[in-house]
Amino acid sequence: MGTVLERLRVIYLAQRKYVAFVLLGLITVAGSVDNRKLQLAATVAMLALILNVLFTIDSRVAGASASVWYPSFSEASPAIRSDIERRLREGRTVRMRWIGVTLEAVWPFTQNLILDGLNGKGSAGGTLSVELAMLDPEGDVCRVPDGPVPDQLRATVVRMARFLDSQAPRMASHGRSLSAYLYDHRPTWHALLLDDDCLYFSPCLPQNLSFSAPQSGVEVISSTAGEASAERVRHFAAWFERIRTESDSAAKTLPSPRAVA
């Protein structure tokens, strides 16, 4: 259904100027033949079209002016946490999809968020589904001279697996779940997508692959800020789905257990 609506929206946007010409013609013709009902209907439709264009322009300008950027991951972390906690307090089903490199900084952040929910603190409420993707410590990318140190990645995998082994029963009863996937392509960015509407995006420079935390700034991208922003969100979602599918097919997930429902 969503795909059909999206196609209709695209068709409408593409044909909007032609609709305006047709309405203008109807207004002119109706005036010439003294058909007041047709003229009134066409005029109302034209005004609605004009208002739609004005509101679209306003939303795009507002979205552009509301663009947020943080100079570092550590400075973005409080805002990310606040965003997640707000969604949970609203009783929502929150989905976190995170593509990282080593996840050394991401994992403690995520672990604390889950633990607070289990202990009834700030992130309690709603349900939280966490899906993390990181480089495969046994993959080809880790064999390049300036690539991540495999031991860093293995240590993160072990920490996540141990956490799941000890907390799985509590997570299941508190509406929390955790899945992790491995990929083996050289990353050029890493990002977190909350639900399907807010993307926290950070470039990944080649010389920074071995560091434990993102070394670039974090851009906040809202899918409602315009088509360009929505396309970037879809770009992330497509890559995450590819990673998830390939990781599942190759059994490259956490050793035990792979996921908690």
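A nonpolar core is a set of buried Ala, Val, Leu, Ile, Met, Phe, Trp, Tyr and Cys residues joined through side-chain atoms within 4.5 Å. In this structure, which is a predicted model, the largest such core has 54 residues, and among its members I84, M96, L128 and L132 touch the most others.

## Overall layout

The protein chain has six helices and seven strands, and from the N terminus on these elements follow one another as α-α-β-α-β-α-β-α-β-β-β-β-α. Of the 261 residues in the protein chain, 40% are buried. Among the contacts with a separation of 6 or more, 72% are accounted for by residues 24 or more positions apart.

Strand 2 and strand 3 run parallel and are joined by seven bridges, one of which can be located through T93, whose bridge partner in strand 3 is T127. Strand 6 (residues 198–203) and strand 7 (residues 218–222), by contrast, run antiparallel and are joined by four bridges; here Y200 has V220 of strand 7 as its bridge partner.

Strand 3 is mostly covered, since seven of its nine residues are buried. L128, already named as a member of the core, illustrates the surroundings of a residue of this kind: leaving aside neighbours within four places in sequence, L128 is in contact with I84, L88, V94, M96, L113, I114, G175, R176 and S177. Two of these partners, I84 and M96, are also listed with L128 among the core residues that touch the most other members.

## Helices against the sheet and against each other

Two packed helices are described by the angle between their axes and the distance between the axes. For helix 4 and helix 5, the axes come within 12 Å and cross at roughly 10 degrees, and that makes helix 4 roughly parallel to helix 5. On the side of helix 4 the contact is made by W107, Q111, I114, L115 and L118, while helix 5 contributes T156, R159, M160, F163, Q167, R170 and M171. Sorted by class, this contact has seven nonpolar, three polar and two charged residues.

Most residues other than glycine have a negative phi. L103 and D195 both have positive values, about 65 degrees for L103 and near 50 degrees for D195. L103 is found in the loop between strand 2 and helix 4 (106–118), whereas D195 has its place in the loop between strand 5 and strand 6.

| Residue | Relative accessible area | Class |
|---|---|---|
| L103 | 3% | buried |
| D195 | 11% | buried |
| R87 | 3% | buried |
| P71 | 41% | partly exposed |

Which residues does R87 touch, not counting those up to four places away in sequence? R87 lies in helix 3, and its partners are R92, V94, L194, D195, D197 and C198. D195, the residue with a positive phi near 50 degrees, is therefore also one of the residues touched by R87, which is itself buried, with a relative accessible area of 3%.

P71 lies in the loop between strand 1 and helix 3 (73–89) and is partly exposed at 41%. Leaving aside neighbours within four places in sequence, P71 is in contact with S216 and G217. P71 and G217 are 146 residues apart in sequence, yet their C-alpha atoms are 4.2 Å apart in space.

Conventions. Residues numbered from 1 in each chain as written. Predicted model: local features only at pLDDT ≥ 70, side-chain atom pairs only at ≥ 80, totals over all residues. Heavy atoms only, no water. Pairing = 2+ DSSP bridges. Helix = DSSP H or I, 4+ residues; strand = E, 2+ residues; numbered from the N terminus. Buried < 20%, exposed > 50% of the residue type's maximum accessible area, 1.4 Å probe, protein only. Contact = heavy atoms within 4.5 Å. Axes fitted to C-alpha atoms, helices over the stretch in contact; angles between N-to-C directions. Parallel < 35°, antiparallel > 145°, perpendicular 65-115°, else oblique. Nonpolar A, V, L, I, M, F, W, Y, C, P; charged D, E, K, R; others polar.
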